[in-house]
Structures are given as C-alpha cells and as structure tokens.
Amino acid sequence: MTDKIAYTRHDDIAVLRIQNPPVNALSQAVRQGLWDAMERAEADAGVKAVVIVGEGRAFIAGADITEFGKPPTEPYLPILCNRIEASPLLVVASMHGVSLGGGLEVALSAHYRIAQPSAKVGLPEVNLGLIPGAGATQRLPRLTGAEKALEMITSGAPIKAEAARDLGILDRVAEGDPEAVGLAYAAELLADGATRRPVSELPPADAIDWDATYDAVLAKGRGQISPATAVRAVQVATELPFEQGLQKERDLFMELMQTDQRQGMIHAFFSERAVSNLPELKGVEPRSLNTIGVIGGGTMGAGIATAALLAGMDVVLIEMKPEAARAAHERISGNLSGALKRGKISQDKFDTLTEKALTVSTDYDSLSDVDLVVEAVFENMDVKKEVFAKLDSVCKPGCVLATNTSYLDVNEIAAATSRPADVIGLHFFSPAHIMKLLEVVVAEKTAKDVVATGFALGKALGKISVRAGVCDGFIGNRILATYRTAADHMVLDGASPYQIDKALVDFGFAMGPFAVADLAGLDIGWMTRKRKAPDRHPDERVPTYIDKLCEEGHFGQKTGEGYYIYAAGKRAGVPNPKIAELIAAEQAELGITPRPFTDEDIVRRYMCAMVNEAAKVVGEGIARRPLDVDMTLLFGYGFPRYWGGPMKWADIQGLPSVLADIQRYAQDDAWFWQPAPLLEDLAAQGRTFDDLNKDAAK
Ligand code: T1G
C-alpha cells in the first residue's frame, strides 16, 4: 500500500486517512492507496465500517491537475468510486476544508457523509474546461434533483456545509476533529443497524427542459463549452441506467479533456499561482504593512483605500481641500456599502472601517507613521514629482513610496526623492477594490524588499500581482495600445467598429474594443494620441475620425454618445450613425477604398497584434515570462479565460502560423507589423511561449 493512506483500526471501524499535502489531490498514488486500503478493510476480520478522512487542511481538493494531459493511469477515479460504493462495509466520508471535484465524488461514493460546519463542497471542473468525470453528474442529481445539481456543476462554485446538508448532499454537519467525528458517526450508524446506501441505486432525478437549459447555459458561458456539456451529462442521469450514464459522462469528459479550452483553463489555473511566485523574491522579507497612506481620494484613490480597509489595514487618505476630503470619505463609504449590501461585511465592521480604520486628512503630516503610501493623483509628471518630494520629507524611513501611475516613468518619479530604493509602481485597475490585477512596476533602483512588499500588499488585497518593468504602459496598457490600433486600422480599411466588437465578443471577450473605449471614456484615448503625437513615426497610421467626435465633447457612456448612443441610464448603446459618416470622410481623405473583413480575419489580426506586442514586452524583459502577460490580460483586460491568455492562444495556434500571418500583414504596413524578435526565434527553434515559462520555473 502506498504511504499516501494511513490505515488504522478502531474496534469494528477502519479509518483510511489520506496524507497527500498540500490539499490531498487524488494522485495515482492516492487512488491506488485508497483501493488497497479498501481491500485491506474488507479482509480485516471484524471490520464493519470504514471512515475516509483527509489529513491537513482539506478532505480532498480533487483530481491531481498535474496529471492532466498525460496518459491516464489506473485505478481510474470513476472505477475507484464505484469500488468504494460497492463495498460490503458501511462507508462514511468525514469531510473538512474543501471537498472539490473528484474529492466530492469520492464522498458521493460513500454511503454516508458528515462534514465540519466550516467545510465546503463543490464541483469546479467547468473552471478547468471539464465536467465532473468520476460520477458526480450521475450521483448528485439522485440526491439533489437535476436543477440543483446543474446549478452546482455549471457554476463550479463551492457551497457551505449547511447548504449542502439542506440539499441532501451531506447527512450531518458536526464540529470536532474530522476523524473523531467520522468514527462517532460510523459507530452510531452501526449501533442503529444502518445499512449501506449506494447513491447510484437511488431513483433517477426527474427530467427538466433539457434543450432550453442547454441553450441558456451555453449562452451564459459566452463561448465556454464545458458548462453546457454538463447539462447533457446530467440529462442522461435521468434517462439511462447508472452504468450507461456513467459511460456517457466519461465519454463527454474525455472529449473535453482533448479541447483547447481545457488546455487554456488549466494553464490559467497554474499561471495565476505561478505569476506571484518570483524566484528573485525567495527569502526576501517584505516590510511591515499595517497602515497604508493614499494620496488622492478620486475613483482610484478611494478604490485603493477601500481595498486596503477590507484587507484589515488602517488607511490615512490625503486630499487637498476639506470638501475633497469629505467627498473622498463618502466615496469610500459608498464602496464599502456595496460590500455591506453583498453581505461581505457586517454593519459593525462597516462602522469600524469608516469611523476608526479610515482617517481622511488634508495634512501630509498625518502620514508620518504609515508603512506604505500609494499616490493616486492626476497623471501629470510635475504633479507627481511634487507629491513625492513631500512624501520624501514627511514619511518615516523605510516607508514604501508607491505611484499608481498607468504609464509615467517610475524612474523619473523616484529621482524626485532622496530614497529611490523605496519607490515602486503599484498600478491598480479601476475600480481598484474590484479588479484583481495589480502591476508591480519595478524601477531601476527599487530595493528587493520593496518589490517583496509590493507583492505582499497585492496578496493581502487579494490581487493577482504581476511584476512589470518600466516602459510606456508597462505590460497591459502597452499591449492594449497595439491591439487597439490594429482594430483602428481595420476600421480605416473597411471593417465597421460594430462588426469588430461583435467578432471579439463571439471570440469570448465580455465587450469589444470600441464598447470598452466608450466605457473607459474616449477622452483618455484622445489625450494619449495628443501626448504621443510629437514622437509619432511618419509611417504610423493613426485614425483621426474619432477625434472629431471628441472635439464635439462626446466621450462615450459618460456623455451618452461615443461609438454608441446611450439612452439615459442605459449601459447598452446603439451604433452612432455619425461614426460611419466620419469614417467614410476619413477614408475618402486618405484615398482608401474600404474592403470587407470576415469575423475570422478580424479576430486573427487583433490577436496577432496582441501576441506580437506581448512577445516584444517579454523579449525586452518588461514582463518576466509569457504567463505574466497571460495573467495581465486575463485579470485586467477581460481576456476570455478559456483561452488561457494571448500567449497560450498563440501556442495553441502554433507560433509559426502566427508569425506567418504577421509577416503577411507586414506587406501592407511594415512599420506596424514588425515581427517581435522573440517570436521569430521561438518559431525558428520550434519552441513555444510555454517552453519559456518552464525555463523560468527551473
Ligand atoms: N491538483 C494538483 N495540485 C493542486 C490542486 C489539484 N487539484 N489543487 C491545488 N493544488 C496545488 C496548487 O497548485 C498549489 O501548489 C497548492 O496546491 C496550494 O493551492 C475527476 C477531473 C484547493 C481551494 O479544481 O481550488 O477533480 O503552487 O495555492 O489558495 O471530476 O487550490 O503550492 O505548488 O490554490 O488554499 C477539481 C483546484 C480538479 C480544485 C486551495 N479541483 N484547487 O486553495 O491554495 S478536476 C479543483 C483549488 C477534478 C474530477 C475532476 C485551490 C484550493 P503550489 P492554492 P489555496
């Protein structure tokens, strides 16, 4: 028997204790261990019941994701689950922490289930591009009915123990040591003469309107196929005998295992954990982070203050004038009332945060004891330098001085202080208490423990932190500028903004680039184009049609008119007829004869521009690895998760084919489509972006 399962005997009950840290994933050794331990218990004279329990912080976190993509090894999990369920002994699962995916499926193959009040159970397989593959689509509906089973499976969201008991998934919720609780429950069941209760022998659930459910789930998935596939798996649980239903589940599971979406989503799962684990920070202690200062109480500053308060830190926010300070306090209270309404914080907590943890002041001296300050003032270098000079004089030695700038040169800001080693960029995304991405921008002189402090703050705030070097736009905004320009070029050449938006929504984005521009405010792009105009290369194609709309004061949603017209209070707009006229006028002026684009053309050009610039960002060391770009685009720019990110998308397409398209586009516009040297090298060597991720992990 493997060392992954500890077998102990307690009178007529055997305990099988899973010991596979950190989260008892169901590796081959664990599966083999459970199989052998069941055999042993059944051969162990006098044993009448078995308790399965997990060591450490979880019952079982699921199948071992590191095994995905490799040839499956026996015992296969569904077969193991059937084997446990078929045991002549009474099998009890005693659950704590999380029981997810295959972990819950092992529990469902037991005859009785007991859990700690703090335990959670769930079927997150759809978040990995899969469906449950070890019987949950067949067993769960027999306990909860089809609707509730589908809700759990298609959402992938875990539920608490009490809710799971109310649904019939658990028999009992009891506080105590999971092994002791499991033993007591098993003894009680034996004393009561309880019999084995195989879930697979329960009557099938009633049918529901499967086609309508399938269509609704498919639409909600916005291109992701695993949730809708789960509907078909649960459907057969109500139509076929258990064994046949299990086979159908297996067939659907194996089909999904072969999909690009499974590759993309597993890549996202591991990358979001790897992105904040930087080798150079191993053993580097972050500085303390008890009180945070924020300069500027606008949308960004208030969002950052809100995130810090929710993370349990005290906040000192500085505004210029009393009325601005009051407005900032109200903005933060407004943000927190959202958390209150959603039940994330209690009223007492809300009161403590707004009345004690938060101080709003107009006096910089209030910052004398803070551990870290984030500056979130107007995006102007002179203003920022003035702020940092003041911070340099009032903040205590060792205080980290961070700027939230979205593109300005952090080296130049650092040079405005006497302590450039304490200066770093912390680029939050608006709204800062909601968006998960944080770009930790490391300047030339930033000290290592200041970088570690930036990542520690990101972790405390529940962010996905990505290390970025200093350049215009760092990682995300620099790449955005390029793929946004590719969309502008397609408009000048004949594609309508509305066709482009739709093509990219169909690809999986929540919104297309022009709808996003309307949401963010057209004035931002307008200012950027004016800022960059002096350095513009003569071969650079920059549309001017939208500037004419800005000159009329139309900036998108905030003014009610942009690429789209927005009826009062409506977030969804209708195409603005002015846009087509402005585009036609500019095409005439430029002598362009508009040509048609297919949706496929649009997506391909948009993605090739994104990947090409991303490859330059990695090649220049602005992003440490390709996965850092993937996580930036996933968590800051709404990139569809089931592709895993632009670099994973490119690997799946094949880098030679991406490069070939870029070289073809370059025939019409050599300046914009200059192939990234890194992309050329990898394509020539037959390597992938993921190979670089693996190199960095060595
Ligand atoms: N397999 C392998 N490694 C895993 C793992 C798993 N299932 N879950 C976590 N890890 C690693 C993770 O990579 C990290 O490693 C460490 O454990 C701590 O994780 C047949 C097919 C359990 C809630 O999708 O949601 O069952 O970085 O940092 O924040 O139907 O991990 O330390 O080297 O995330 O406390 C279904 C995925 C699988 C659960 C813990 N299960 N895991 O969160 O720690 S598919 C899942 C999580 C399946 C069956 C199907 C979380 C967690 P390292 P962590 P955490």
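Q: If helix axes are lines fitted to C-alpha atoms over the stretch in contact, with angles running from 0 to 180 degrees between N-to-C directions, at what angle do helix 4 and helix 9 pack?
A: In this predicted model, helix 4 covers residues 136-144 and helix 9 covers residues 226-239. Their axes lie 8 Å apart, and the angle at which the two helices pack is about 60°.

Q: Which term describes helix 4 relative to helix 9, and what is the handedness of their crossing?
A: An angle of 65 to 115 degrees would count as roughly perpendicular and one under 35 as roughly parallel, whereas the angle here is about 60°. That value makes helix 4 oblique to helix 9. The description is therefore oblique, and the crossing is right-handed.

Q: How do the residues in the contact of helix 4 with helix 9 divide by class?
A: Helix 4 contributes Thr137, Gln138, Pro141 and Arg142, while helix 9 contributes Ala233, Val234, Val236 and Ala237. Sorted by class, the residues of this contact come to 5 nonpolar, 2 polar and 1 charged.

Q: How many nonpolar, polar and charged residues make up the contact of helix 4 with helix 10?
A: The axes of helix 4 and helix 10 (residues 242-257) come within 8 Å and cross at roughly 130°, and the two helices are therefore oblique to each other. From helix 4, Ala136, Thr137, Gln138, Arg139 and Arg142 meet Phe242, Gly245, Leu246 and Glu249 of helix 10. By class, this contact has 3 nonpolar, 3 polar and 3 charged residues.

Q: Which residue of strand 8 stands opposite Val121?
A: Strand 7, residues 120-122, pairs with strand 8 in the antiparallel sense over 2 bridges. Across from Val121, the residue in strand 8 is Ile159.

Q: What is the radius of gyration of the chain?
A: The secondary structure of the chain comes to 29 helices and 19 strands. For 698 residues the globule rule gives 26 Å, and the chain's value is close to this, so the chain is as compact as a globular protein of that length. Its radius of gyration is 28 Å.

Technical notes. Residues numbered from 1 in each chain as written. Predicted model: local features only at pLDDT ≥ 70, side-chain atom pairs only at ≥ 80, totals over all residues. Heavy atoms only, no water. Pairing = 2+ DSSP bridges. Helix = DSSP H or I, 4+ residues; strand = E, 2+ residues; numbered from the N terminus. Parallel < 35°, antiparallel > 145°, perpendicular 65-115°, else oblique. Left-handed = near helix turned anticlockwise from the far one by under 90°. Contact = heavy atoms within 4.5 Å. Nonpolar A, V, L, I, M, F, W, Y, C, P; charged D, E, K, R; others polar. Rg over C-alpha atoms; globule rule 2.2 N^0.38 Å.
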